[in-house]
Amino acid sequence: MASIPLLLMGCGGVGRQLLHHVISCRPLHSQQGVRLRVVGVCDSKSMVAIPDVLTSEFRDDFLLQLCEIKSNGSSFLDLTKTGECQVYSGEEIGRKVIDVATALSSSSGLALIDCSASSETIGLLSQVINLDGCVVLANKKPLTSPLEYYDKLVSQPRRLRHESTGYPFLNAHVALLYKVGAGLPVIATINRMLSSGDPINRIIGSLSGTLGYVMSEVEGGRPFSEVVTSAKKLGFTEPDPRDDLGGMDVARKALILARLLGHRIELDSIKVESLYPEKMGPANIPLDEFLANGLPLLDEAIQKRIESAASNGNVLRYVCLIEESRCEVGLQEVSKDSALGRLQGSDNVVEIYSRCYSKQPLVIQGAGAGNDTTAVGVLADILDIQDMFRHSPSAA
């Protein structure tokens, strides 16, 4: 039985959904010989940890209580009265994470799961890896940090390699796993292609479920402003839709893919097309004014570009494009008969061109939006590292 101690950073929508999946999959994991043992959970302000991380774990009903507390907007600090856990806050959180990783380093090791949205976690991730830990990321920001920090994060698994687990680019004690495109197996597919000697020369993809939905709806004849307003009401966008329309989330995903292909670039070197002008940005006008008066001003320009694409037999999609030294994000005309051209709704689609897939690309498509989809992908990554715990020196 592989017993994997988990410490979750980030208890928002994705983190809570992950905890629910861990609990609901207990019978399945038992059949597979795996036990996911949650020993700690952090949010941005506090952390709860089990007193004995070596042998104990949080009960499932307690984990459900944590989820309910976060859903209600309450604090973990309210749990100090229960006596079932230790509660930490402020700078204590980072120290406690390292204490847990240190305590487990001589036995099973720790799986640190980053479902936060913070760019400040990279130091903790690197330290846990140094302590023979495993890292699973839903958070894109550590992998889009400056190359100096990125290199430290992704190079350490090679230095700490012990026994092969049979997974490309993974090691007996250290794994760096992450998601691009919700739960789609994009990273695993690219790793397999690269390790098999099939060089990838071009990737083009729609990596935002929100922008995929917006562009396919606008293509159907609805005004851009109406679609964005509707998407916000449906919960498809961030509270401020400009966080989606600015394209930076897609740019971060593009940077992860580009670096995976060997491009030594920084986030600010990616050409990013925003779907609104800077004068309509959050620093210049409030959200209500943008929705009421700014968005309608964008309708005509978007409609003209859609009509121009149609006159060429194409459709307009918001994509990331990576090829040779080129990495950019924005609106592109694509063939209406391609996988991207046929895209409808909030699905993500990635087309990968390589030596073996030179004429007909390898296409990966699936649900691109939602906490559930992302959490399922994170759980799959956790299960991918189970052999590292089963074959650790202490289990030998």
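Asp249 is partly exposed, with a relative accessible area of 30%. This residue belongs to a predicted model, in which its side chain meets that of Lys140 in a salt bridge. The count of salt bridges comes to 19.

**Asp249 and Lys140**
- The N to O distance in the salt bridge between Asp249 and Lys140 is 3.2 Å.
- This pair links distant parts of the chain, 109 residues apart: Asp249 is in helix α11, and Lys140 is in the loop between β6 (134–137) and α6 (147–159).
- Lys140 counts as buried, at 18% relative accessibility, while Asp249 is partly exposed.

- Strand β12 (residues 347–354) runs antiparallel to β13, and six bridges join the two.
- Asn348 has Gly366, in β13, as its bridge partner.
- Strands of a sheet pair through backbone hydrogen bonds, either parallel or antiparallel.

**Asp60 and Arg26**
- Side chains of opposite charge can pair when their charged atoms come close.
- In the salt bridge between Asp60 and Arg26, the closest N and O atoms are 2.9 Å apart.
- Asp60 lies in helix α3 (residues 60–71) and Arg26 in helix α2 (residues 26–32), so the pair ties together parts that are 34 residues apart in sequence.
- Arg26 is buried, with a relative accessible area of 12%, whereas Asp60 is partly exposed at 23%.
- A network of salt bridges links Arg26, Arg35, Glu57 and Asp60.

**Asp43 and Lys70**
- A salt bridge joins the side chains of Asp43 and Lys70, with an N to O distance of 2.9 Å.
- Asp43 sits in the loop between β2 (34–42) and β3 (46–49), and Lys70 in helix α3; the two are 27 residues apart, and the pair links distant parts of the chain.
- Asp43 is buried, with a relative accessible area of 14%.
- Lys70 is partly exposed, and its relative accessible area is 21%.

Conventions
Residues numbered from 1 in each chain as written. Predicted model: local features only at pLDDT ≥ 70, side-chain atom pairs only at ≥ 80, totals over all residues. Heavy atoms only, no water. Pairing = 2+ DSSP bridges. Helix = DSSP H or I, 4+ residues; strand = E, 2+ residues; numbered from the N terminus. Salt bridge = Lys/Arg side-chain N within 4 Å of Asp/Glu carboxyl O. Buried < 20%, exposed > 50% of the residue type's maximum accessible area, 1.4 Å probe, protein only.
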